[in-house]
Amino acid sequence: MPPKKGAQGGAKGTAKVMKADDGKAESLKVPTADEALAILLQQMPLTSETFSDLARNRESFSLAWLASHVIARTDRFADLPTSLDLSGTQGLTEDDIYFLINNVPSSIEEIKLDALAVKGNAYNLFLRFLTMRKLEATAQEEENGENRNTRSAALRRQMKEKRPNKETEVPIVTTFIFAENSFGPQENPECFSFFSLMLPYLERLILNDNPLGDVGIGGLGASLEKVPQKAFRLKELSL
């Protein structure tokens with residue numbers, strides 16, 4: 001039987017009408033689903049370490065994605081993770097890794113990857129990810145510079161259309177760390193073309209315990225030569 005006219009409903013996202021002690025009506029705001037999830041997630045401090053631990057394991061991976069989604073849609077978090085370590089994952093595929101990376105909070109400034117995320121079929125996903133970040137960084141530079149109107153607006157539109165999740169801001173990752181043996185001396189020199197895509201925002205590149213050999217060093221050197229001096233922000237290169 002349909003409710004009588006004038007009955008107070010509890011529809012999603014609406015306000016319930018309550019009676020105060022003095023008999024006056026008061027409205028009680030019903031939290032949205034995102035706000036309710038944010039309240040639950042706040043019970044677990046979402047540090048960089050916690051966020052990374054959730055993301056690396058298949059059993060908790062969905063919770064890491066959910067946290068990213070909620071962070072992007074609410075402003076209830078005072079402290080946000082600034083780094084994400086996706087090396088040594090358990091039960092994840094390269095598609096899983098980039099599904100999350102393409103939706104991480106804009107607060108993320110540092111990402112650590114291993115061979116699973118940069119070799120084989122994952123390499124093209126890696127390049128696409130870097131291209132999106134470079135596009136965003138370039139658009140921001142245009143907005144802060146003299147030509148902040150036409151070109152920056154076009155870049156923003158292009159970036160938004162290509163963004164997997166159009167509700168999130170693309171993080172400008174300034175530090176990349178590659179775990180041991182992510183790359184090796186057997187790689188094709190073109191595999192290191194990714195370095196130029198990291199600019200103009202890259203400040204730290206950590207490749208310790210990766211035996212690049214002459215081919216890898218040559219590939220990095222060739223990429224460095226193509227970088228305009230004014231776009232060079234690298235502060236640390238560790239091999």
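Leu 239 counts as exposed, because its relative accessibility is 51% and the cut-off for exposed is over 50%. This is a predicted model, so everything here is read from a prediction. Leu 239 sits in the segment that follows strand 7 (236-238).

## The nonpolar core

As a rule, nonpolar side chains in soluble globular proteins tend to be buried together. Here, the largest nonpolar core has 46 residues. Leu 113, Phe 126, Phe 176, Phe 178 and Phe 194 are the ones with the most contacts inside this core. Several elements give two or more residues to the core, among them helix 2 (48-56), helix 3 (61-73), strand 4 (110-113), strand 5 (175-178) and helix 8 (194-197). Helix 6 gives the most, with seven residues.

What does Phe 178 touch, leaving aside residues up to four places away in sequence? Its partners include Leu 113, Phe 126 and Phe 194, which are also on the list of residues with the most contacts inside the core. Phe 178 also touches Val 118, Phe 183, Met 198, Leu 205, Ile 206 and Leu 207, plus Asn 208 and Asn 210.

Most residues other than glycine have a negative phi. Asn 181 lies in the loop between strand 5 and helix 8, and with a relative accessible area of 41% Asn 181 is partly exposed.

Asp 209 also has a positive phi, near 65°. Its place is the loop between strand 6 (204-206) and helix 9 (213-225). Is Asp 209 buried or exposed? At 57% relative accessibility, Asp 209 counts as exposed.

## Ser 48 in helix 2

Ser 48 belongs to helix 2 and counts as buried, because its relative accessibility is 17%, with the cut-off for buried at under 20%.

Where does the side chain of Ser 48 reach? It gets to the backbone nitrogen of Ser 83, at 3.2 Å. Setting aside residues up to four places away in sequence, Ser 48 touches Pro 81 and Thr 82 as well as Ser 83.

Notes: Residues numbered from 1 in each chain as written. Predicted model: local features only at pLDDT ≥ 70, side-chain atom pairs only at ≥ 80, totals over all residues. Heavy atoms only, no water. Core = buried A, V, L, I, M, F, W, Y, C linked by side-chain atoms within 4.5 Å. Buried < 20%, exposed > 50% of the residue type's maximum accessible area, 1.4 Å probe, protein only. Helix = DSSP H or I, 4+ residues; strand = E, 2+ residues; numbered from the N terminus. Contact = heavy atoms within 4.5 Å. Polar contact = N/O pair within 3.5 Å; in protein donor to acceptor, adjacent residues only side chain to side chain.
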